[in-house]
Amino acid sequence: MTTTAGHPGEAVGVRELAHWIDGRPVRLGPARTSLVTSPEHGGAVTSVVLGDQATVADAVASSARAFPAWRDRAPAERGRLLAGLSRQMRAAAAEFAAAERPETGKLPAEMDAALGTSADYFEYYGGVVRALFGQTIQLGAADHAFTTPEPYGVVAMITPWNGPLTQASRGIAAALAAGNTVVIKPSEFTSSSTVMLAEMAGRAGIPAGVINVVLGTGVEVGEPLVRHPDVRLIAFTGSVVTGRRIAALAAERLVPVILELGGKSPNVVFADADLDRALSSTLTICTQSGQQCAALSRLLVERPVYESFIQRVAAELAQRTPGDRLAPLTTQAQFRKVLGYFDAAQQDGARLVTGGRAADGPLAQGRYVHPTLYADVRPGMRIFQEEIFGPVLAATPFDTEAEAVALANNSEYGLVASVWTRDSARALRMAREIQAGQVIVNGGRTGIETPFGGYKQSGLGREKGFESLLHYTQVKTTVVATT
Ligand code: NAD
């Protein structure tokens, strides 16, 4: 990777990005490239080499070669290397920001948080892998039976553009800790920080081939990677449509898949809640401009406080000025998609309370929209059912607890739900009834220790927490006759 000179810590000019295979940058032949443009101003920021089936073959062969030696190291030794990488990442926060912010448009504080979480993954899995072990099974004196968690081999990882470093770190840390090697294909729009991570892993002592990065589009690189016969496990984060395609390809070879897909998560606010704290959780729709799979994009409010609460939300949203306090939308396609939902909301008859338009003036060169709240949204409307992935809230009133549950579950997704109430018995009833992989009550904070994944169309399997290590291993049973 090369960059043109810039201010300390922040690159200017166009970053030239190559694949990272077998411990070095690779450009095969007269490679085709694609230009990534800035969400902030539309100018070119990165030139990405576009790989193909041959690139994938080289990367998978490298990871397959690296696998036996990596698998055979003591977990503690792998763990120390991952912890070392974590320290290097923290020390290189400015360089990661210089790589990722121009492509994603994240605000500086959002990037700091992303870097911290990413480094945490390597620290956590580097330690917790030492607690991964099998069981002995009592079959009587004549047989000795035990289980061993074993890595799969080469893992194919495919990530989206909204959290390139965090999503790469989340999967790679768990996969490597468990003894697998990884070929990762980041989104073609946000590849820089993933290449930087792989490069840094080499400097931290992780052998060449344990992490390979192939760049390019989903069809030209992602599909050959998923189809490759030496790939033994697939971990995908992205949209439901692509997740289905990948699951179908994996089914042809009967390869297991971990799918982290989209969400349309409800934030349920009862009238007895601490409304100040409920308000601040509602405003997290502005984090990364709503481009988060876990965004609480459906606001369900008990009728007695409905109108006053949404007016408070609207007043706060109006303060989040695009640019300083609200990031742009990362890709041009995403920008157009969000504008399309403004039209859809109007056609479907939702009440616009604030926002609902792109930013104008100097910000019009970028992909900025105003934070938006629609009220009186009904389940039949597109903005109630479809993931927008923008700073757009859809608010709906409810009258009873049963109606709140029915509205919360009226979705093909089931990633996250949030509930606000001072009635702890009701909180527990809601947590039990809501169909989601995570239920947050009164703003409880999740961590990298807490498993994360979806019910229904939001995915298969779990990332984060110890649970993830179990997904990156398969169980072998050994039985030895002792007589
Ligand atoms: P996407 O599905 O379009 O692309 C994701 C990745 O898949 C990219 O690297 C892309 O190049 C690749 N890809 C596309 N088509 C492919 C194919 N046919 N075969 C193999 N790979 C292919 O998603 P996106 O637009 O980049 O990301 C936004 C989506 O990701 C949203 O739906 C969001 O909810 C989801 N997401 C989920 C999580 C989670 O953990 N649950 C986290 C972040 C984002």
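1. A quick term before we start: buried means under 20% relative accessible area, exposed means over 50%, and partly exposed is in between, using a 1.4 Å probe and protein chains only. By that scale Glu-123 is partly exposed, at 45% relative accessibility.

2. Keep in mind that this is a predicted model, where local features need pLDDT of at least 70, side-chain atom pairs count only at pLDDT 80 or more, and totals for chains, interfaces and linings use all residues. Residues are numbered from 1 along each chain as its sequence is written, and side-chain values use heavy atoms, with hydrogens and water left out.

3. On confidence: pLDDT is the predictor's confidence in each residue, from 0 to 100. The protein averages a pLDDT of 96, and 97% of the residues score at least 70. The stretch to treat with care is residues 1-11, where pLDDT stays under 50. The model has 22 contacts for these residues beyond four places in sequence, a contact being heavy atoms within 4.5 Å. Where pLDDT is low, the predicted coordinates should not be read in detail.

4. Now the charged pairs. A salt bridge here is a side-chain nitrogen of Lys or Arg within 4 Å of a carboxyl oxygen of Asp or Glu, and the structure holds 22 of them. One joins the side chains of Arg-90 and Glu-123, at 3.2 Å from N to O. This pair links distant parts of the chain, with Arg-90 in helix H2 (residues 75-91) and Glu-123 in helix H4 (residues 108-128), 33 residues apart. Helices (H or I, at least four residues) and strands (E, at least two) are DSSP runs, numbered from the N terminus. Arg-90 is partly exposed, with a relative accessible area of 34%.

5. Which strands do Lys-476 and Glu-150 lie in? The side chains of these two residues meet in a salt bridge, 3.2 Å from N to O. Lys-476 lies in strand E23 (residues 473-481) and Glu-150 in strand E7 (residues 143-151), so the pair ties together parts that are 326 residues apart in sequence. Lys-476 is partly exposed at 40% relative accessibility, and Glu-150 is partly exposed too, at 27%.

6. Another salt bridge is worth a look: Glu-188 and Lys-185 meet at 3.4 Å, N to O.

7. What about disulfides? With a disulfide taken as a pair of cysteine sulfur atoms within 2.5 Å, the structure holds 0. Cys-286 is in no disulfide, and the nearest cysteine sulfur, that of Cys-293, is 17 Å away. Cys-286 is buried, with a relative accessible area of 4%, and Cys-293 counts as buried at 17%.

8. Have a look at Ile-206, in the loop between helix H6 (192-203) and strand E10 (211-213). At 4% relative accessibility, Ile-206 is buried. Leaving out residues up to four places away in sequence, Ile-206 touches Trp-70, Leu-81, Leu-82, Leu-85, Leu-176 and Ala-201. Ile-206 and Gly-84 are 9.5 Å apart in space, C-alpha to C-alpha, although 122 residues separate them in sequence.
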